[in-house]
Amino acid sequence: MSPRVPEPHLSAWQALLHAHASVVARVEDALAEAGLPPLAWYDVLWALRSVPGRRVRMAELAGRLTLSRGGLTKLAGRLEAAGLLRREPARHDGRGVYAVLTQAGEALLRQMWPVYSRVLREMFVETISADEAAAITAGLRRATAAATPGAPPSRDIHQADGRAS
């Protein structure tokens, strides 16, 4: 196999990295300007909101996010101290711990979503057509599947009320 990466693919990879960094920075700035916590808090709370019972094992939660288990443990501690989630021991497994979304966590998601979605609308909806978005999604899902054989398909970002954005 050749070590060469074709130019269109290399350009797409670089554009993906730059777009990700730029959009995340804009979201972080907008959240800070609104006096809201960072995007990582939203990501954890949304991951909890999107599972049945709004409750999931910490190990599974880490797998749903781009955080290490140690990083998630530290972040979960901050979220728990803020009353946004609680951790519960697993009844049948002395080592297992569940993260559970609280009402305060749900309320914070509802505060953060309008700010987050505004940036996404400005950066994506207003600049990328629906057809382009569909092509990007399809290509990135195939790349994700190739990188993680046997993994379930990735989930889309959703509004805090559970409808697709």
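The structure holds nine salt bridges. Everything here comes from a predicted model.

## Salt bridges

Side chains of opposite charge can pair when their charged atoms come close.

| Salt bridge | Closest N and O atoms |
|---|---|
| Arg 54 and Glu 106 | 3.0 Å |
| Arg 55 and Glu 88 | 3.3 Å |
| Glu 106 and Arg 110 | 3.5 Å |

Take Arg 54 and Glu 106, whose closest N and O atoms are 3.0 Å apart. This pair links distant parts of the chain, 52 residues apart. Arg 54 sits in the loop between α2 and β1 (55-57), while Glu 106 belongs to helix α5 (residues 103-125).

Are the two partners buried or exposed? Arg 54 has 28% relative accessibility, so it counts as partly exposed. Glu 106 has 15% relative accessibility, so it counts as buried. The cut-off for buried is under 20% relative accessible area.

Next comes Arg 55, which forms a salt bridge with Glu 88. Arg 55 lies in strand β1 and Glu 88 in strand β2 (residues 85-89), so this pair ties together parts that are 33 residues apart in sequence. Arg 55 is partly exposed, because its relative accessible area is 31%.

Glu 106 also forms a salt bridge with Arg 110, with closest N and O atoms 3.5 Å apart. Here both residues lie in helix α5. They are four residues apart, about one turn of the helix. An α-helix has 3.6 residues a turn, so residues three or four places apart point the same way. Arg 110 is partly exposed, with a relative accessible area of 44%.

Which residues make up the network of salt bridges around Glu 106? Arg 49, Arg 54, Glu 106 and Arg 110 are linked in it.

## A closer look at Arg 54

Arg 54 has another feature, in its backbone. Most residues other than glycine have a negative phi, and most peptide bonds are trans. Arg 54 has a positive phi of about 50°, although it is not a glycine. Its place is the loop between α2 and β1.

## The overall fold

The protein chain has six helices and three strands. Along the sequence they follow the pattern α-α-β-α-α-β-β-α-α. The chain has 165 residues, and buried residues make up 30% of them.

How many residues of helix α2 are buried? The helix covers residues 39-49, and nine of its 11 residues are buried. So α2 is mostly covered, since buried means under 20% relative accessible area. Among the buried residues are Trp 41, Tyr 42 and Trp 46. Arg 49, one of the network residues, is also on the buried list.

## A nonpolar patch

Two helices, α1 (7-33) and α6 (130-147), each supply at least two residues. Which helix gives the largest share? That is α1, with four residues.

Ile 136 is partly exposed, with a relative accessible area of 41%. Leu 140 is also partly exposed, at 37%.

Leu 140 and Leu 16 are 124 residues apart along the chain, and their C-alpha atoms are separated by 9.6 Å.

## The second largest pocket

Rolling a probe the size of a water molecule over the atoms shows where empty space is left. The second largest pocket has a volume of about 240 Å³. Helices α3 (58-64) and α4 (69-81) are the elements that give two or more residues to its lining. Of these, α4 gives the most, with three residues.

What classes of residue line this pocket? The lining has four nonpolar, two polar and five charged residues. Its members include Arg 57, Arg 69, Arg 87, Asp 93 and Arg 95. Met 58, Ala 59, Leu 72 and Val 97 are also in the lining. Thr 73 and Gly 96 take part too.

Note on methods:
Residues numbered from 1 in each chain as written. Predicted model: local features only at pLDDT ≥ 70, side-chain atom pairs only at ≥ 80, totals over all residues. Heavy atoms only, no water. 1 Å grid on protein atoms, 1.4 Å probe; cavity = no way out; pocket = protein on both sides within 12 Å on 5 of 7 lines; lining within 4 Å. Points joined across faces, edges and corners; volume = space filled by probe spheres on them. Nonpolar A, V, L, I, M, F, W, Y, C, P; charged D, E, K, R; others polar. Buried < 20%, exposed > 50% of the residue type's maximum accessible area, 1.4 Å probe, protein only. Salt bridge = Lys/Arg side-chain N within 4 Å of Asp/Glu carboxyl O.
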